[in-house]
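Here is a friendly walk through one protein model, written for someone who likes to know the cut-offs behind each term. Please have a look at the sequence and the coordinates first.

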Amino acid sequence: MTDMAKTEAGTGTGRRASEARERLLRTAGQLFYAEGIHTVGVDRLVAEAKVTNATFYRHFRSKEDLAVAYIESVDQAIRAQIGALTAAEVPADGVLRGIGASLVEQIRSPGYRGCAFLNAAAEFPDPAHPVHRAVVQHREWFLQTITGLFAEITTAQAEYAGRHFVMLRDGAMSAGYLGDPVLAGETLQRGIEGLLRIHAARGQDEPTAAASGQAPSTVTAVSDIACSPPPGA
């Protein structure tokens, strides 16, 4: 059990300290996402979280340290969501559709402001910065997780399908903020369905390709996905 878990399980001062940290993290999450990390100062965070400066620095060495914790909290929420789907023994294609449905819900939700990870990376472009590294770590995990789900359907070119899914996600989350969120959501779901259809077909073609000694074609994965809403939608 970690020190934080021990504190939360206790009473008195330890519990109050834990609650103060959680208030800071929740407040930071709301403000950082809505307004950007650089624009929100420590004084405002302290005021809106209703804690003292001493309490802030007891839990976080700096605002950037809090920003890393914010990114990690979003990462953990996504891991928990995907973990719940896999724990329910949902088939791999169902998990991928579930992730897509969740993304559509986010894109269409009030106050949506794009991808928290892409926004943070734009504010901290230095690859060596802790915030940027936290973003990259999440994206590496997400890509590995998505690729693993495609590999459960068939291992044939699962890495291509994984990268394609992540690019669909990135594009939809940006388009949903900058353009029409309804159309962005429809496009994302159509893209995921097309990608799943093509990837499943790769599994059926794999024995034939192996027998002929030819690698499966990657051209179809690009040309056959209808990544746009149907005419008149």
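The report below covers the fold, the pocket, the cavity and the aromatic rings.

## Ground rules

This is a predicted model, in which local features need pLDDT of at least 70 and side-chain atom pairs count only at pLDDT 80 or more, while totals for chains, interfaces and linings use all residues. Residues are numbered from 1 along each chain as its sequence is written, and side-chain values use heavy atoms, with hydrogens and water left out.

## Overall fold

The chain has eleven helices and zero strands; these are DSSP runs numbered from the N terminus, with H or I and at least four residues for helices, and E and at least two for strands. Along the sequence, the pattern reads α-α-α-α-α-α-α-α-α-α-α.

Of the 233 residues in the chain, 39% are buried, where buried means under 20% relative accessible area, exposed over 50% and partly exposed in between, with a 1.4 Å probe and protein chains only. Contacts are heavy atoms within 4.5 Å. Among those between residues at least 6 apart in sequence, 67% join residues at least 24 apart.

## The largest pocket

First, the terms. On a 1 Å grid over the protein atoms alone, a cavity is a set of points where a 1.4 Å probe fits but cannot get out, and a pocket is an open set with protein on both sides within 12 Å along at least five of seven lines; lining residues have an atom within 4 Å of a point. Grid points are joined across faces, edges and corners, and a volume is the space filled by probe spheres set on the points.

The largest pocket has a volume of about 540 Å³. Its lining has 26 residues, and Tyr33, Val74, Ile78, Gln106 and Ala116 lie nearest the centre. Helix 5 (63-87) is among the helices that each supply at least two lining residues, and helix 5 gives the most, with seven. By type, the lining divides into 15 nonpolar, ten polar and one charged; here Ala, Val, Leu, Ile, Met, Phe, Trp, Tyr, Cys and Pro count as nonpolar, Asp, Glu, Lys and Arg as charged, and the others, Gly among them, as polar.

## The cavity

The structure holds one cavity of 30 Å³ or more, and the largest cavity has a volume of about 40 Å³. Residues lining the largest cavity include Phe32, Tyr33, Tyr70, Arg113 and Glu123. Helix 7 provides the largest share of this lining, four residues. The cavity lining divides into six nonpolar, two polar and two charged.

## Aromatic rings

Rings of Phe, Tyr and Trp (its six-membered ring) pair if their centres lie within 6.5 Å; planes under 30 degrees apart count as stacked, over 60 as edge-to-face and the rest as tilted. By this rule there are five aromatic pairs. Phenylalanine 32 and tyrosine 70 have ring centres 5.7 Å apart and planes at 65 degrees, so this pair is edge-to-face. Phenylalanine 32 belongs to helix 2 and tyrosine 70 to helix 5, so the pair ties together parts 38 residues apart in sequence. Both phenylalanine 32 and tyrosine 70 are buried.

For phenylalanine 56 and phenylalanine 60, the centres are 6.0 Å apart and the planes at 50 degrees, so that pair is tilted. Phenylalanine 56 is buried at 0% relative accessible area, and phenylalanine 60 counts as buried at 2%. Phe56, Tyr57 and Phe60 form one aromatic cluster. Elsewhere, arginine 169 lies over the face of phenylalanine 142, 5.4 Å from the ring centre; a charge sits over a ring if NZ of Lys or CZ of Arg is within 6 Å of the ring centre and within 35 degrees of the ring normal.
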